[in-house]
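Have the viewer open as you read.

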Amino acid sequence: MNKKNKLFKIKEYVLFRMAMKKLSILCAILLVFLPFLGCIENDEVNLKYQSNEQITKSVKQGTIQMNFTIRTDNTTELARLWAPYPVSNAYQEIKEYHINGNYDYSGVFRESKSGTMILYAKWENPETFPQLNLSFHIKRTERSRKNFSITNNDLPVDVEPYLIPTSLGPIDGIVKEIADEIIEDNDTILTKAIAIYDYLIEHGERDPGLSFCGNGDVCTLLQNLHGKCADFSSVFVALSRSVGVPSREIFGTRLSKEGDITGSYHCHAEFYLPMYGWIPVDPSDVAKLMFNENLELDDAQIIEARDYYFGMQSDTYVDFSMGRDIILNPEQDGKPLNYFMYPYAEVDGESLDFISQEYLRYVVSFKEDMI
């Protein structure tokens, strides 16, 4: 090797060693600061409602009795009744069903779109008031779905139905405009859901004047956000769907006390997070606490409840059904139901008012097990 080539090789080697030294220094700096950068990122997205805390989940169990009576007269040719038929899922175990009454026929059917199970009965030319009793044992476990993180927005095919509008829950027009304002520059499913949940808590108020859970007329509610559980949940669902967050309402009741729980029907919402699953949210229960206790947003109880009801659900719920614009099975003669949480009945093809209980009476009671 001549002298010129040898000098070139030495120079090349020196430059290589210098480059490697700089790379080593850079890697060392990154190793020091990356954890802090990660913390900053997590604080921004982290989701103020996220938690890795391991909790002991509470459990409530006992027997629910549901008694239904239809008021008829001697001209009635056909009376029909549909009632939600609760079934087991990951958070509730239901067994020991008992069905009895003076019906001519009864059966359990499945609603095709949502999969909701339905108890159906009919009476032909009834000589006495049609009556039916459903009882079952339930064991309900507290839900904790707070160990979530930012994921991509790729959705499985089976959640696509939870992105479409309903008759009272459109996802365009004013709904989309308001949702876009709420989410601002949030571009993930999780951060969008958080923004919408916060909006409902900060702008919604409970309406104690309603005698049931509300009808969930989203466009009307967005003009004056006063309502009850079905209203809050419906607005959450419509706003969420309009910005690509799969969501749904879950209708059921509360195990609020022993004895008569007829007035304890309840609705909450859920949204779907890819690679994690369904997360419960219940802004209406935060609004209820604020109203009942006359508390402000900065009160410690409200801060705690606000955190709890994003991703948590107590053991005092029973899930009945899902879906809106319901065509029952067997199909009703009346128009599609807004939602199917309360019992529904028809006499000679005419729908009975479930709210007043004048012609359709129902009583729901709960007896807790002694553990």
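This is a predicted model: local features need pLDDT of at least 70, side-chain atom pairs count only at pLDDT 80 or more; totals for chains, interfaces and linings use all residues.

Residues are numbered from 1 along each chain as its sequence is written, and side-chain values use heavy atoms, with hydrogens and water left out.

What does K176 form a salt bridge with? The partner is D180, and the closest N and O atoms are 2.9 Å apart. A salt bridge here is a side-chain nitrogen of Lys or Arg within 4 Å of a carboxyl oxygen of Asp or Glu. Both K176 and D180 sit in helix α2 (residues 173-183), four residues apart, or about one turn of the helix. Helices (H or I, at least four residues) and strands (E, at least two) are DSSP runs, numbered from the N terminus.

Next comes a pair between two strands. R248 forms a salt bridge with E270, with their closest N and O atoms 2.9 Å apart. This pair links distant parts of the chain: R248 belongs to strand β10 (residues 247-254) and E270 to strand β12 (residues 265-273), 22 residues apart. Are these two residues buried or exposed? R248 is buried, with a relative accessible area of 13%, and E270 also counts as buried, at 3% relative accessibility.

Strand β10 supplies another partner, E249. R324 forms a salt bridge with E249, and the closest N and O atoms are 2.7 Å apart. Because R324 lies in the loop between β15 (317-322) and β16 while E249 is in strand β10, the pair ties together parts that are 75 residues apart in sequence. Both R324 and E249 are buried. Salt bridges that share partners also join K48, D198, E202 and R306 into one network. By the rule given above, the count comes to 15 salt bridges.

Now let's turn to the sheets. Five strands form an open sheet in the order β3-β6-β1-β18-β11, with antiparallel pairing; two strands pair if DSSP finds at least two bridges between them. At the edges stand β3 (92-101) and β11 (259-260), each with a single partner strand, so one side of each is left without a neighbour in the sheet. Within this sheet, strand β1 (residues 59-70) and strand β6 (residues 131-141) pair in the antiparallel sense over 11 bridges, and Q61 stands opposite K139 in β6.

Another open sheet of five strands has the order β4-β5-β2-β16-β17, with antiparallel pairing. Its edge strands are β4 (105-110) and β17, each of which pairs on one side only. Strand β2 (residues 78-84) runs antiparallel to β16, and four bridges join the two. Here W82 stands opposite Y344 in β16, and A79 stands opposite V347 in β16. Both faces of β16 (residues 344-347) are covered: Y344 and E346 on one side are buried, and so are A345 and V347 on the other.

On the other flank of the pairing order, two bridges join β16 to strand β17 (residues 350-351), and these strands run antiparallel. The bridge partner of V347 in β17 is E350. Together β16 and β17 form a hairpin with two residues between them, where D348 in the turn has a positive phi of about 50 degrees.

Which residues form a negative surface patch? They are D73, E77, D348 and E350. Patches are made of residues with over 30% relative accessible area and no salt bridge, with like charges joined within 9 Å and nonpolar side chains (Val, Leu, Ile, Met, Phe, Trp, Tyr) within 5 Å. E350 itself counts as exposed, at 55% relative accessibility.

Our last stop is D353, in the loop between β17 and β18 (360-368). D353 counts as partly exposed, at 42% relative accessibility. The C-alpha atoms of D353 and P343 are separated by 9.8 Å, with the two residues 10 residues apart along the chain.

Terms used: Buried means under 20% relative accessible area, exposed over 50%, partly exposed in between (1.4 Å probe, protein chains only). Accessible areas come from the Shrake-Rupley method with a 1.4 Å probe; for residues, only the protein chains shown count as cover. Lys and Arg count as positive and Asp and Glu as negative; His and the chain ends are not counted. The place of a charge is taken as NZ of Lys, CZ of Arg, CG of Asp or CD of Glu.
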